[in-house]
Amino acid sequence: MQQHRVIVLGAGYAGAIAAGRVARRLRREDVTVTLVNAEPDFVERVRMHQLAAGQDLKPRPFTEMFAGTGVELKVGRVTAVDADRKAVTVESADGEEQLAYDTLVYALGSTRNTQSVPGVAEHAHEIASRPGALRLRDRLAALAPGQSVLVVGGGLTGLEAATEFAEARPDLDIALAARGGLGDWLSPAGRRHVRKAFDRLRITVHEHTAVAEVGPGHVTTAEGTSFPAAVTVWTTGFAVHPLAAATTLETSETGQIVVDATMRSVSHPDVYAIGDAALVAGPGGKPLRMSCASGVPTAWQAADALAARLTGTKIPSTPLRYFNQCVSLGRKDGLIQYVTADDRAVRAALTGRIAAVYKELVCKGAAWGVANPTTGLPTRRRRVAVSAPSAPVGAAKR
């Protein structure tokens, strides 16, 4: 029996965890696991607001994180997926090549949504990626005291960005524009604490404000009001990588791959999709939101289902539910909003310094979990009992 070739596209939280979990569950003589990623080290996406604010993050090279696991890293950019021929096209420093697979784990994730409002792509900064956070870092560092920074978007990312920038640069005029009320999805206690933090950091809040256009040095609202903004930071939502929608995989209106309860594509059973790239039904049939909190359990489920199918064992089920929302409000303040299984706020909330410590532990735990994806599970690798026939790479070429 030839080795079963597993290719994982994307090494964010979901992709990196899935690759390590599969490799640690199966024997190397039976399976090869190749992780394709544009960068050679792990990016802690939940810390991009810290990077933009001028903080240095601990480097996490994949060669160290996956040492001894059998995961092979290929640094390159995925440019095409042929789900029918079972091949992916990758551009790297060595040129373009096609990689054939027997099982594909699609985890290319998401980036900022620049299509909804004119001027966003040209004039707004993002913190959905490390390059974007680094560009914003340089721009913020170049601002003179008193200049204005407008964060657009009142969700978790917007709250964290505004408070982080205000704490790091109290000499700047920081403002936040939210389509609804400030923290209006939180519990009463949570809303009060967020408002208290914004008041303490002297952040101006434009509530119930929809931005209709972003220009150089200003934004214009739907009502025609103009706000000054030497720097505009766009945090209103995410859009998935467009690659999946260009394939024969069944995708949703959002471009996410439609999967079953095991994260397996409903149209191509040799493809799994996880994290932001997948349309996953959570409690009550409600789609999981794009987040690290959603991506990690989908990675566990996909990796375990893949390994179970190859070894002929029972497919385990990973609970897909939420427990809390963790929000940093600078380095010394935070909010832990407890939620129902389907992500609705309950009355209980943890606030202040202890919440900041809690959030920091969650971030460290998420990064630690990438290098230790099978903690708490049996460590013995299983033999592959079934395998799809492996075709030579050349057979996948057009």
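Two strands count as paired if DSSP finds at least two bridges between them, and in this predicted model strand β5 (residues 87-92) is joined to β6 by six bridges, the two running antiparallel.

- Strands of a sheet pair through backbone hydrogen bonds, either parallel or antiparallel.
- Within the pairing of β5 and β6, Ala87 stands opposite Ala100 in β6.

**The aromatic rings**

- The structure holds three aromatic pairs, and one aromatic cluster is formed by Tyr13, Phe42, Phe62 and Phe66.
- Tyr13 and Phe42 make an edge-to-face pair, with 5.0 Å from centre to centre and 90° between the planes.
- Since Tyr13 lies in helix α1 (residues 13-25) while Phe42 lies in the loop between β2 (31-37) and α2, this pair ties together parts that are 29 residues apart in sequence.
- Tyr13 and Phe42 are both buried.
- The rings of Phe42 and Phe62 have centres 6.3 Å apart and planes at 70°, so this pair is edge-to-face.
- Phe62 belongs to helix α3 (residues 62-65) and Phe42 to the loop between β2 and α2, so the pair ties together parts that are 20 residues apart in sequence.
- Phe42 and Phe62 are both buried.

**The cavities**

- A search of the whole structure finds two cavities of 30 Å³ or more.
- The largest cavity has a volume of about 60 Å³, and its lining includes Gln256, Asp276, Leu288, Arg289, Met290 and Thr298.
- Helix α8 (residues 292-311) gives the most to the lining of the largest cavity, with three residues, and the residues of that lining divide into four nonpolar, five polar and two charged.
- The second largest cavity holds about 30 Å³ of space, and among the residues that line it are Val46, Arg47, His49, Arg331, Lys359 and Glu360.
- In the lining of the second largest cavity, α2 (48-52) and α9 (353-371) each supply at least two residues, and the largest share, three residues, comes from α9.
- The residues lining the second largest cavity divide into two nonpolar, three polar and four charged.

How values were computed
Residues numbered from 1 in each chain as written. Predicted model: local features only at pLDDT ≥ 70, side-chain atom pairs only at ≥ 80, totals over all residues. Heavy atoms only, no water. 1 Å grid on protein atoms, 1.4 Å probe; cavity = no way out; pocket = protein on both sides within 12 Å on 5 of 7 lines; lining within 4 Å. Points joined across faces, edges and corners; volume = space filled by probe spheres on them. Helix = DSSP H or I, 4+ residues; strand = E, 2+ residues; numbered from the N terminus. Nonpolar A, V, L, I, M, F, W, Y, C, P; charged D, E, K, R; others polar. Phe/Tyr/Trp six-rings, centres within 6.5 Å; stacked < 30°, edge-to-face > 60°. Buried < 20%, exposed > 50% of the residue type's maximum accessible area, 1.4 Å probe, protein only.
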